[in-house]
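I will jot down what I look up as I go, so do follow along.

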Amino acid sequence: MLTKEERRFLRSWEEQRKGGQARYFLLYIPVGTIVGSLGVFFIASIFSIGMPEKLWIIPSISFVLVSAMSFIGWRRNEGKWKMLIRREIEKGHSNP
């Protein structure tokens, strides 16, 4: 039997994965890069890392981090989705 959280996850992930992996990345990477750039700039400001001539490094770092996090997130959610579906199918076969 699925818990409430598992049912919620399955519904939301079904919605996310409908468009495919490319659409998922096209949504999360650009938006995440913008938000991540703000975060990296804030952290660089806190630690007084002055990079006015190398300002391009901040969005580059954000792009790499967000791309990695998006890829890992997709793989993790897809694995969890497959595990839950497989578990429910196996329970269905064992309980006629």
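**Entry 1: Ser 67 and its helix**

I began with Ser 67, which I placed in helix α3; helices here are DSSP runs of H or I with at least four residues, strands are runs of E with at least two, and both are numbered from the N terminus. Before going on, I noted that this is a predicted model, in which local features need pLDDT of at least 70 and side-chain atom pairs count only at pLDDT 80 or more, while totals for chains, interfaces and linings use all residues. I also noted that residues are numbered from 1 along each chain as its sequence is written, and that side-chain values use heavy atoms, with hydrogens and water left out.

Is Ser 67 buried or exposed? I found a relative accessible area of 19%, so Ser 67 is buried; buried means under 20%, exposed over 50%, and partly exposed in between, with a 1.4 Å probe and protein chains only. I then looked from Ser 67 to Lys 54: they sit 13 residues apart in sequence, and their C-alpha atoms are 21 Å apart in space.

**Entry 2: all of α3**

Helix α3 covers residues 57–94, 38 residues in total. I get 55 Å from its first C-alpha to its last, close to the 56 Å expected at 1.5 Å a residue; the expected span is 1.5 Å times one less than the number of residues. I listed the buried residues of α3, among them Val 66, Ser 67, Ser 70, Gly 73, Trp 74 and Trp 81. What do the buried residues of α3 pack against? My note reads α1 (4–17) and α2 (20–46).

**Entry 3: Leu 84**

Leu 84 also lies in helix α3, and I have it as buried, with a relative accessible area of 1%. Which residues is Leu 84 in contact with, leaving aside neighbours within four places in sequence? I wrote down Leu 2, Glu 6, Phe 9 and Leu 10, where contact means heavy atoms within 4.5 Å. Leu 84 and Phe 9 are 75 residues apart along the chain, yet their C-alpha atoms are separated by 9.8 Å.

Glu 14 is in helix α1, and I have it as partly exposed at 32% relative accessible area. From Glu 14 to Glu 78 I count 64 residues in sequence and 9.7 Å in space, C-alpha to C-alpha.

Leu 55 took me to the loop between α2 and α3. Leu 55 is partly exposed, with a relative accessible area of 45%.

**Entry 4: stepping back**

I counted 3 helices and 0 strands in the protein, in the order α-α-α along the sequence. The radius of gyration is 19 Å, well over the 12 Å that the globule rule gives for 96 residues, so the protein is more spread out than a compact globule; the radius is taken over C-alpha atoms, and the rule is 2.2 Å times the number of residues to the power 0.38. The C-alpha atoms fill a box of roughly 70 × 25 × 15 Å along the principal axes.

Buried residues make up 27% of the 96. Of the contacts with a separation of 6 or more, 78% are between residues 24 or more positions apart.
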